[in-house]
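Welcome to a short tour of a protein model. Please take a look at the sequence and the structure below, and then read on.

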Amino acid sequence: YSSASTYINKFSKLLRTILRNSKQHYISLKDELESLTHYIELEKMRFTNKFDYTIEIDPSISTERFLIPPLILQPFVENAIWHGLTPKKDSGLVKITFTPGDRAIICSIEDNGVGRQFHAGKQEKRTSFGISITQERLEVLNEIYGMNAKVEIKDLFENSQPSGTRVTLTLPHKEAKSEI
């Protein structure tokens, strides 16, 4: 009963943050991280702590002042968890880092999962629905706002064996106006 109650509570928080954020063109990185953390915590419960995660933010990045388009990161984290980590026999790790770029925030989402090669023979190689929609959104945002958002996906290898995937998102940002 207690775990069901906790799950429902976390799920309702996630829904509220998604609904709040989806109405905005830009949200603070802090708000995006709140939504992402709710999502990851739900998945940890769902997959019985099959993975851990870290979120590292360069100290020069103000999570309250930097504004990014909402709901961009979650589909990439979802893919890391569902397709990278859950097929692993042992526990995995998703590492999310934010570093400053040239008028952009660089977000890296890296997992130490089975890699995309693992899935190649099991089904037609395709881009996930969530990622394709997110890439289309970024293209539209690039056109409308003159942004230069980019997504790069790299397969990782160790000793010639697949050892995960790294997604690097370059997200041009706006800065929130000071309240002073």
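Predicted model: local features only at pLDDT ≥ 70, side-chain atom pairs only at ≥ 80, totals over all residues.

As background, strands of a sheet pair through backbone hydrogen bonds, either parallel or antiparallel.

## Strand β7 and its partners

Let us move on to β7. This strand pairs with β5 in the antiparallel sense, over eight bridges. It is also joined to β6 (residues 150-158) by nine bridges, and here again the two strands run antiparallel.

## The turn between β6 and β7

How many residues lie between β6 and β7 in their hairpin? There are two residues between the strands.

Phi of Asn159 is near 55°, a positive value in a residue other than glycine. For Ser160, also a residue other than glycine, phi is positive too, near 65°.

Is Asn159 buried or exposed? With a relative accessibility of 69%, Asn159 counts as exposed, because that value is over the 50% cut-off. Ser160 counts as exposed as well, at 67% relative accessibility.

## The largest nonpolar core

Now for the inside of the model. In soluble globular proteins, nonpolar side chains tend to be buried together. Here the largest nonpolar core has 35 residues, and the members that touch the most others are Ile96, Phe98, Ile109 and Leu169. Two or more residues come from each of these elements: the helices α2 (29-46), α3 (74-85) and α5 (129-145), and the strands β2 (51-57), β3 (66-68), β4 (92-101), β5 (104-111) and β7 (161-172). Which element gives the most to this core? It is α2, with six residues.

Leaving aside neighbours within four places in sequence, Ile96 is in contact with Leu36, Ile40, Thr54, Ile55, Glu56, Val77, Cys107, Ser108 and Ile109.

Leu169 is found in strand β7. Its relative accessibility is 0%, so Leu169 counts as buried. Leu169 and Ile57 are 112 residues apart in sequence, and their C-alpha atoms are 14 Å apart in space.

Val77 has its place in helix α3. Its relative accessible area is 0%, so Val77 is buried. Apart from neighbours within four places in sequence, Val77 is in contact with Leu36, Tyr39, Ile40, Ile96 and Ile109. From Val77 to Ile109 the separation is 32 residues in sequence and 6.7 Å in space, C-alpha to C-alpha.

Thr17 takes us to helix α1 (residues 2-22). Why does Thr17 count as buried? Its relative accessible area is 3%, and buried means under 20%. Beyond neighbours within four places in sequence, Thr17 is in contact with Glu34, Ser35 and His38.

## The second largest pocket

Our last stop is a pocket. Rolling a probe the size of a water molecule over the atoms shows where empty space is left. In the second largest pocket of this model, that space is about 160 Å³.

Which residues lie nearest the centre of the second largest pocket? They are Asp102, Arg103, Met147, Asn148 and Pro172, from a lining of 13 residues. By type, the lining divides into five nonpolar, four polar and four charged residues.

Note on methods:
Residues numbered from 1 in each chain as written. Heavy atoms only, no water. Core = buried A, V, L, I, M, F, W, Y, C linked by side-chain atoms within 4.5 Å. Buried < 20%, exposed > 50% of the residue type's maximum accessible area, 1.4 Å probe, protein only. Helix = DSSP H or I, 4+ residues; strand = E, 2+ residues; numbered from the N terminus. Contact = heavy atoms within 4.5 Å. 1 Å grid on protein atoms, 1.4 Å probe; cavity = no way out; pocket = protein on both sides within 12 Å on 5 of 7 lines; lining within 4 Å. Points joined across faces, edges and corners; volume = space filled by probe spheres on them. Nonpolar A, V, L, I, M, F, W, Y, C, P; charged D, E, K, R; others polar. Pairing = 2+ DSSP bridges.
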